[in-house]
Amino acid sequence: MTTSISLYIPGDSGLHRLYPITKLLLALALTLGGFIFPVTWASYVIFLGIILPISIWGGIWKQMVWAVWKIVLPFAISIFLIQGLFWGSGTVLFYIGPLSVEKDGIAFAFASVGRILLVIGSFLMLAMTTRPDLLMNALAKLGIPGAITYIVVTTIQIIPRFQAKAATIIDAQRSRGLKTEGNFLQRARSLTPLVLPLVLSSLVDVEERAIAIEARAFNAPGPKTILIDSVDTQNQRIARYIMVIIIILMIGLRLWWLLTSAN
Amino acid sequence: MSIINSIKKDFTTRTLVLISVAIVINIAVGQLIFTLKLPIYLDSIGTVLVGALAGPWAGALTGALADIIWGLTINPTVFWFFYVAAVIGAMAGIAAKMGVFERSSPRWLSALIGGIFFYGLTLFILSLTSFSREGLIPNAIDLTRQNALVFIIVLFIGLAMGYFFLQKAGYAGFAGLITGVVAAIISAPTAAIVYGGVTGAGTDLLVAAFRASGAGILASTMAQGAVSDPFDKMVSFLIVWLIIQALPARFKAR
Amino acid sequence: MVVVDISELNYTYPAAVTPALNGVSLQVEQGEFLAIVGNNGAGKSTLCYALAGFVPHYFKGRLHGKVLVTGLDTQKVSLGELVIRVGLAFQNPFNQITGAKYTVFEEIAFGLENIGVPREQMWKRIETAMELTGITDLKDRSPYSLSGGQQQRVALASILVMEPKVLVLDEPTSQLDPVGSREVFQVIKEMSERGLTVILVEHKVEWIAQYADRVVALHEGQILIEGKPRDVLTSPLLSERGFGLSRYTMAAREAREGKLWPAGLILPVTLQEAVDGFSRQKK
């Protein structure tokens, strides 16, 4: 049985060892950079020039590129087709039968795909090299309530078990004659007999699991300690301050542009 | 009750575990739908359930974390819609406080609700797209007359859906429909700005159709959402209604 | 020294009409190994919850009477303070894994982190707990990749690491296979021999008969009978209500009908007693 599903890929690179918040801020700063600068190729430059090299440093560039490809491709196809063919205004590049491919539409599609690439890429850069529980610990130190960090890590871990439970219920109902293939009506009818048992049995689990963590002093008064923690360095702290300043500057710049161009 | 107390009341240890389990239910049911190849998402059952059982704040948190976790584990693209999911959870909680999940409605009322809603929705979509095309807000009567056939079909679909589908869950289904419309509206800007108005899924054909008729990007995205989201949320609320009806009393004493 | 003192405990769950426990009085000595038997719905789990303070703090409901554990009144002290003195484990191994940690080692540390134990002290305590439960070689594994019996032992280690004065176990082996059950019983026996007060709810009567100091039989929220295992487990009060008899007792009872059990010899509760009795008859 798989132990948990997440994007995290274990490793020991410099990127892995960076303090989680450093990586989080980096992803944020890069993503904002792509959105703030109104130049189509800005996102592509950031992705190829910054994110990809960092991923190579982290030893995860192959997985990242593969994941990005898998995720962005459907979007890219859709955007180019829809916004390219149905833009409705501006110069026409060429005709395909009754449909026209407009320059503005293609430009828009390029910019959009670039942005998605950037968003996904920077996010994966963070998620693939950071253990979720360590990220949550770091966030907890910044003041995010322990309740939230608990929910995130626990949920990720129990997903495979529930998928297995769902599979068991499907088998059990099938053996009782439930039809899950066939025409639309049959498939739609099979929905309730599958969902209801899954949810109801899960609610029983909720009770027991809540008692179990209470029995482990989850709500004990007083400060908590952490057994295993990420290592932070002075250089990273400085870098994070700089990144926060850059982010604020970028947002300010964008707002200023918006205001001045509105005149 | 002050806001802080209202929030605190929603969050016991049991609630936290419930939220965690509900998020997994979102994922498990969403994947089940995918295997059954049904034309619906149904990935908010857990969110709606928490809203119904533990209140709006808990529902909102469930929605937000669900999208964040889904983004961290399965598909990073849904991450940006966390605020939409939060609103869905909150609205489910508010609907629950109004008793929507506990009361049964007579079937004719469900039919009526279905009919009126679908009529209103079609009106909304058509005025949205024609506004975006021509810059004028059209008159409802004119629109109805111009597209009479469409409206008649839609009305029948609405009546049938209400009667056969919703049956006694009229109130819940209606709450779901409203939630779906709100979700479509507030998710459109993000979809348009971050993702260029598409989702990479089959519903993009709707976007293409709207764009072909001359509507702007934001309007097309919103229209596409308005077609798929209300139905999706209506079914989600319906299923949660069934669940709540099936729950023994002690689960509801929270 | 009395470590658990329950007097006239009467408790009703919030949504219920009839009380789950109806006038239960019980005292447990330090270091004692007490077993609780009873039908489903007799109130065994409720009693466990009452010992650890979940009744009334977690379940709310209406409680009358008094429950004193390690000198503390469970109604006057918070749940957080009680759970570090009374460890509670129950049936489903999977639900006792918090899910918040990726390795067994860290899972065990969860409780220590919550009560604020300094990091330097944690390592030794965790290692001790792992040795006691025989799971040291599992320390880097994910808790979710383990068998039921292993998970149950991790749950036990996670509780024992907090050094409770009383260990309460609600049917810890009922979802385990024979191997898992044996592993868990081994740990429980070991802890009892080390002087920990153990309160165990169990259906596997043969095992209780061998190791428990005292048995309490619950029925419909009240104590039916209590005493030495042999006295309680052969009592007709239990068999009349359909529980508590070990396989050996049942076999010997049948045998006695057919004159195959020595007349006048008390019925066996353990395997050894059964073997002795039957071999005597053979002669």
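Tutor: Buried area is the accessible area (1.4 Å probe) that two parts lose on being put together, summed over both. This is a predicted model, in which local features need pLDDT of at least 70 and side-chain atom pairs count only at pLDDT 80 or more, while totals for chains, interfaces and linings use all residues. Residues are numbered from 1 along each chain as its sequence is written, chains are lettered from A in the order in which they are written, and side-chain values use heavy atoms, with hydrogens and water left out.

Student: OK, how much area do chain A and chain C bury between them?
Tutor: About 3500 Å² is buried between chain A and chain C, and 59% of that lies on carbon and sulfur atoms. Chain A brings 34 residues to the contact and chain C brings 43 (contact means heavy atoms within 4.5 Å).

Student: And how many salt bridges cross that interface?
Tutor: The rule finds two between chain A and chain C (a side-chain nitrogen of Lys or Arg within 4 Å of a carboxyl oxygen of Asp or Glu). A salt bridge joins the side chains of Arg216(A) and Glu107(C), at 3.2 Å from N to O.

Student: Switching topic, is Ala255(C) buried or exposed?
Tutor: Ala255(C) counts as buried because its relative accessibility is 9%, where buried means under 20% relative accessible area and exposed over 50%, with partly exposed in between (1.4 Å probe, protein chains only).

Student: What is Ala255(C) in contact with, then?
Tutor: Leaving aside neighbours within four places in sequence, Ala255(C) is in contact with Leu260(C), Trp261(C) and Phe278(C).
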